[in-house]
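The sequence and the model are shown first, and a description follows.

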Amino acid sequence: EIDRKEVDRVVVYKLDRLSRSQKNTLFLIEDVFMKNGVDFVDITENLDSSTPIGRMMIGVMSAFSQLEREWIKERMAMGHEARAKAGLYHGGGPAPIGYDYEDGLLVIDPYEAMQIRYLYEEYAKGTSLRELKRLMNEKYKTKHGAWTSDSSIRRSLSQKLYIGKIDFKEDTYDGLHEPIVSKELFDEV
């Protein structure tokens with residue numbers, strides 16, 4: 001829209017709503033907005049991209065936005081690692097197939113857990129991924145819908161979560177949740 005000259009002003013509540021990357025912020029303001037005659041307005045911090053001081057302040061403020069983003073990522077990673085070490089699933093997003101997420105813990109969903117067991121048992125018998133996908137879609141649905149791909153089945157067949165473990169980065173921890181399949185079956189698969 002900017003290239004087509006359909007925009008004459010970009011308004012943000014705060015600079016970090018444009019981007020939390022200093023490089024992206026400066027690129028957008030200097031190489032996109034200014035080159036196309038588009039005004040940039042930050043209504044909270046009152047930054048003016050038309051003056052040298054305003055552009056310098058945008059550079060400083062965008063550096064602080066980037067620093068804040070990196071601190072948030074660091075704290076989240078530390079939180080995820082602490083949860084894994086404590087045996088807790090990382091949470092966020094929908095629970096994995098076979099479990100529900102209740103009060104911070106993974107709790108077995110009996111219908112989906114039965115599907116996971118069936119998946120493991122059939123694969124251990126030699127059923128191919130393609131055939132498993134057909135069988136699963138013929139018989140079952142999950143909270144996510146259909147068993148849509150070989151990769152979702154392959155992923156389910158390799159998650160240590162199903163033997164009561166929590167993976168985080170390179171490490172594996174004992175989970176607080178109940179396993180769905182035995183370690184022996186998991187190892188065989």
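## Cores, strands and a surface patch

The largest nonpolar core has 29 residues, and those with the most contacts inside it are I116, Y120, W147, Y162 and V181. A nonpolar core is a set of buried Ala, Val, Leu, Ile, Met, Phe, Trp, Tyr and Cys residues joined through side-chain atoms within 4.5 Å; buried means under 20% relative accessible area, exposed over 50%, and partly exposed in between (1.4 Å probe, protein chains only). Two or more residues of this core come from each of α3 (110-124), α4 (129-139), β6 (165-168) and α6 (183-188). The element that gives the most is α3, with five residues. Helices (H or I, at least four residues) and strands (E, at least two) are DSSP runs, numbered from the N terminus.

The model is predicted: local features need pLDDT of at least 70 and side-chain atom pairs count only at pLDDT 80 or more, while totals for chains, interfaces and linings use all residues. Residues are numbered from 1 along each chain as its sequence is written, and side-chain values use heavy atoms, with hydrogens and water left out.

Leaving aside neighbours within four places in sequence, I116 is in contact (heavy atoms within 4.5 Å) with I97, G98, W147, S156, Y162, I180 and V181. Apart from this core lies another, of twelve residues, among them L15, V32, F33 and L47.

In the hairpin of β6 and β7, two residues lie between the strands, and K169 takes a positive phi near 55°.

Three strands form an open sheet of mixed pairing, in the order β1-β2-β3. Because β1 (9-12) and β3 (47-48) stand at the edges, each with a single partner strand, one side of each is left without a neighbour in the sheet. Two strands pair if DSSP finds at least two bridges between them.

| Strand pair | Bridges | Opposite residues |
|---|---|---|
| β6 and β7 (residues 171-174) | four | K165 and D174 |

On the surface, I53, M56, M57, V60, F64, L67 and W71 form a nonpolar patch with about 680 Å² of accessible area together. Accessible areas come from the Shrake-Rupley method with a 1.4 Å probe, and for residues only the protein chains shown count as cover. I53 is found in helix α2 (residues 52-85) and is exposed, with a relative accessible area of 59%.

Conventions. Patch = residues over 30% accessible without salt bridge, like charges linked within 9 Å, V, L, I, M, F, W, Y side chains within 5 Å. Salt bridge = Lys/Arg side-chain N within 4 Å of Asp/Glu carboxyl O.
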